[in-house]
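Biologist: Could you walk me through this one? I'd like to begin with how the chains meet.

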Amino acid sequence: MLVYLIRRIGQSLLVIAVMAVLVFLAVYAVGDPVAILANPEATQQELDAIAARLGLDRPLWEQFAIFVWNALQGDLGTSFVYSESALTVILERLPATMELAFVALVLSILIGVPLGVIAGLKPDGLAGRTIMSTSILGFSLPNFWIGLMLILLFAVELQWLPASGRGDTVDVLGVPLSMFTLDGLSHLLLPAFTLALYKSSLVIRIAQAGTREVMLQDYVRFARAKGLSPRRIVMVHVLKNMMIPVVTVLGLELGSMIAFAVVTETVFSYPGMGKLLIDSINRLDRPIVVAYLMLTVFIFVIINLVVDMLYAAIDPRVRLSEAKG
Amino acid sequence: MQRTAKRLALASLPLAMIFATPALAQELTIGLTSEPTAVDPHFHNLGPNNALRSHIFEGLTQADENQQNVASLASDWEAVDDTTWRFNLREGVTFSDGTPFDAQDVIYTICRVPTVQDSPSSFTGFVAGIDSIEVEDPHTMVFRTASPLPLLPTNFASVGIISAEAFGGENATYAPDGCENMGTPPQAADFNDPEKAIGTGPYKLESYVRGDSIVLSRNENYWDGTPTWEQVTMRPIANEGARVAALLAGDVDVIETPPIQDFDRLRRDGYQIAQGLSNRVIYLHLDNNAEEGHVPPGVEGTNGENPFTDVRVREAISKAIDRQAIASRLMGTLAVPAGDLLPYPMFGTREDTPVDPYDPDRSRELLAEAGYPNGFSLVLSAPNDRYMNDEKIAQAVAQMLARIGINTTVDAMTASTFFSRRNNYEYGMWLAGWGAATGEISSPLIALVATRNADTGMGATNRQNYSNPEIDALVEEAMRTVDEDAREALLQEAATMAMADYATIPLHFEVTPWAFREGLNLTPRADQYTLAMEIEPAS
């Protein structure tokens, strides 16, 4: 087990190192931030001064060395635009994105599980067929289009919900959250629904398959023979057992929702991390882009590492094969 | 559906009554194209920052909607001689925290500008060149400059005055190479705190949430009458579709630059559109590098010569372009054909500047005279997300040039890449824009036409390497001349020469649109700023 642990950590570190090189090179190959940052009227001297201050006049390898040295000390650089620590600027946006991902997650469960169960109980009925074919739409319609249509319908035509922004926030333990204000919740609903649509289609599919499988199990048959009401069978026995794969998949999807809500956040001008990423790319704020991507890599590596560790702990076969090989 | 909407509205009424402030009609929400990067008035010299700044921090002078320099915190000023300026400060002005405004605040501000750390684009140039500052009395100041600085009053419009008392600068004294007794000068992040963002402006900072909103509230003690709005909220909505949707949904009252294709729909739904001629000219630059054997990138079929050094070729290109067609067919009403680098009546422009006529036959003759009877081929580079319809304009120009035998392909790219490559001299011909921040034709003449000189800062954007010593001499003379009339005459002469020599080929002046809900009036500004001060309820 210890050997396996050391090997996996070593692999993770290698992945982070390789990604650092790739991300840094890719981001630093694009454009010249000085041309974007400086006022158009700036003279050549002013431009040179900016380049020197940002360290852009040094050779690429030197810039990379400085970046790595600072990163090892937990400093992922200073934003060109805000001249604050890149990590601080990103983490400032984290609550907004987490909140969006969380509400989207709840929505996808609330939408996906009941529909999936209904479709699973009567796979050949009209309801089941309709649900399953509609869920294909949820998969295939592009995110930004759904967002725009929702804005058009609920914000522009009906004027029930606001079209953009985050709305009022309240501080909960020092973290500004909009979930607990009416105004904030109304701002959250459309982007969260947009983000949830794809996930709920996924949940429908998994829940449907799970329900069909569970319904054929002996314990369901026995429960029925025992005379339990269909309601109790579904609510207790089926639901409990088919939720396991749903939870597993959603856990993994949560990571991608936090890291890649970029499109949804842009369409709704939602001030989360994804929008920060897009804005920073446009402004060539390289430290923010690099820090964001490194943070994402780090999160995913950690998640994978933890999952692997858990597998090893749960499943002796993994341990044994690793010990041998 | 209508009924459900009403029922929903009724159901939420009690809540609305709890949350809404009593003076709902006095609130204004503006959807901005791009977000100010800081509240600090001296941090980042960029349009959105300067627009926000003028709500909170006023300068000694200010630019009016036509970019004429008018009084603000200084009630009047005069040039005593070529290197001496006397400014009379307005009396009875207080900062939003109640402390009175006087000469010490001006000194502290001028001292503070160079101390801003990590400024992405500094304001130092606006306060450079001052030799000494004398305070005759708390409301009369005399500035002595090392050399004549005719633009000093204009420069002061860009420098928002901060309070000396707020940062312990009561005893600061000015010296050109570093002030003394500065206390602890504030850094950019300090101003994000409403407690520290203290100015004399019509509005006070209420809150600043990066990426989400900037909220301003009325400065009840403002010296020039009660400001119109109780509260002003600015929200950055970069995506133009989202911006229009936010207006249609009633989230915001005013938006910047609605896309042309949505004008009809907006008007149909009862929204209004205001348009104002801007200070920005869209122009073509041609690689004028006259070095032996230099061929501009992308140019082919010229036997190893640079065609653009020949004024006849430049004229041929200019006369091949149907500016009227571009303005009317491509730009809707959002462009005015240009024959100069700045629209009349801004400082240094001429009233009857002709627009170069569309004359393809003459263009072909000129090309033949220059030795290119069969034309040549070139690549026209352009940004595709910086100016209104930039890529489409480039396409139109390419087609027009093809008609006179210059086979043109367009290479359009995102702005960040475009400008970096331009600064690396990677283009033979390119399309770009220039906004004159000072509202004077000296700005485009210095940036686009004057010979490149890294030491003096002349020709900073003249990446075409055009050089004409006569124009340089006139511009330099103008920048030493304090007398307004003499200076304007010099600039007019320089501009006339530049246009006659096709030193830059102007296409059109951009017209800036704003869209807003019914019941408002908006005064368009030439500098394209959106200011709450220029928006009033319609009476």
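Modeller: Keep in mind that this is a predicted model. Where the two chains meet, 49 residues of chain B are in contact with 46 residues of chain A.

Biologist: How much area is buried between chain B and chain A?

Modeller: About 3800 Å² is buried there, and carbon and sulfur atoms give 53% of that area.

Biologist: Why quote an area for an interface?

Modeller: Interface size is often given as the accessible area lost when the parts come together.

Biologist: OK. How many salt bridges are there between chain B and chain A?

Modeller: The count is four. One of them joins Arg210(B) to Glu84(A), with the closest N and O atoms 3.3 Å apart.

Biologist: Which elements give two or more residues to the side of chain B that touches chain A?

Modeller: In chain B they are helices H1 (2-11), H2 (13-19), H7 (240-248) and H13 (415-423), plus strands S10 (231-236) and S16 (429-435). H13(B) gives the most, with five residues.

Biologist: And by class, what does that side of chain B have?

Modeller: The side of chain B that touches chain A has 23 nonpolar, 16 polar and ten charged residues.

Biologist: Now chain B by itself. Which domains is chain B divided into?

Modeller: Domain 1 covers 34-236 and domain 2 covers 279-511. Their centres, taken over C-alpha atoms, are 35 Å apart.

Biologist: How many residues are in contact between those two domains of chain B?

Modeller: Ten residues of domain 1 are in contact with 15 residues of domain 2. The area buried between these domains of chain B is about 940 Å², with 58% from carbon and sulfur atoms.

Biologist: Which residues of domain 1 supply more of that area than any other three?

Modeller: Gln67(B), Pro150(B) and Leu151(B) supply 58% of what domain 1 of chain B buries against domain 2.

Biologist: Switching topic: what does UniProt list for chain A?

Modeller: An unreviewed UniProt entry lists "domain: ABC transmembrane type-1" at residues 94-311 of chain A. In the model that span is 79% helix and 3% strand. The unreviewed entry also annotates "transmembrane region" over several stretches of chain A, including 12-31 and 242-268.

Biologist: How much helix is in those two stretches of chain A?

Modeller: Residues 12-31 of chain A are 85% helix, with end C-alpha atoms 31 Å apart. Residues 242-268 of chain A are 89% helix, and their end C-alpha atoms are 34 Å apart.

Biologist: Where does UniProt place the feature for chain B?

Modeller: Its unreviewed entry puts "domain: Solute-binding protein family" at residues 72-453 of chain B. That span is 24% helix and 23% strand.

Biologist: Last topic, the backbone. Which peptide bond of chain B is cis?

Modeller: The bond from Tyr344(B) to Pro345(B) is cis, with omega near 10°. Pro345(B) is in the loop between strand S13 (335-337) and helix H11 (360-369) of chain B. In chain A, Leu284(A) has a positive phi of about 55° although it is not a glycine. Leu284(A) is in the loop between helices H12 (273-282) and H13 (286-314) of chain A.

Definitions and conventions: Residues numbered from 1 in each chain as written. Chains lettered and ligands numbered in written order. Predicted model: local features only at pLDDT ≥ 70, side-chain atom pairs only at ≥ 80, totals over all residues. Heavy atoms only, no water. Domains from an automatic or database assignment. Contact = heavy atoms within 4.5 Å. Buried area = accessible area lost by both parts, 1.4 Å probe. Salt bridge = Lys/Arg side-chain N within 4 Å of Asp/Glu carboxyl O. Helix = DSSP H or I, 4+ residues; strand = E, 2+ residues; numbered from the N terminus. Nonpolar A, V, L, I, M, F, W, Y, C, P; charged D, E, K, R; others polar. UniProt positions renumbered as here; feature names shortened; annotations may be inferred.
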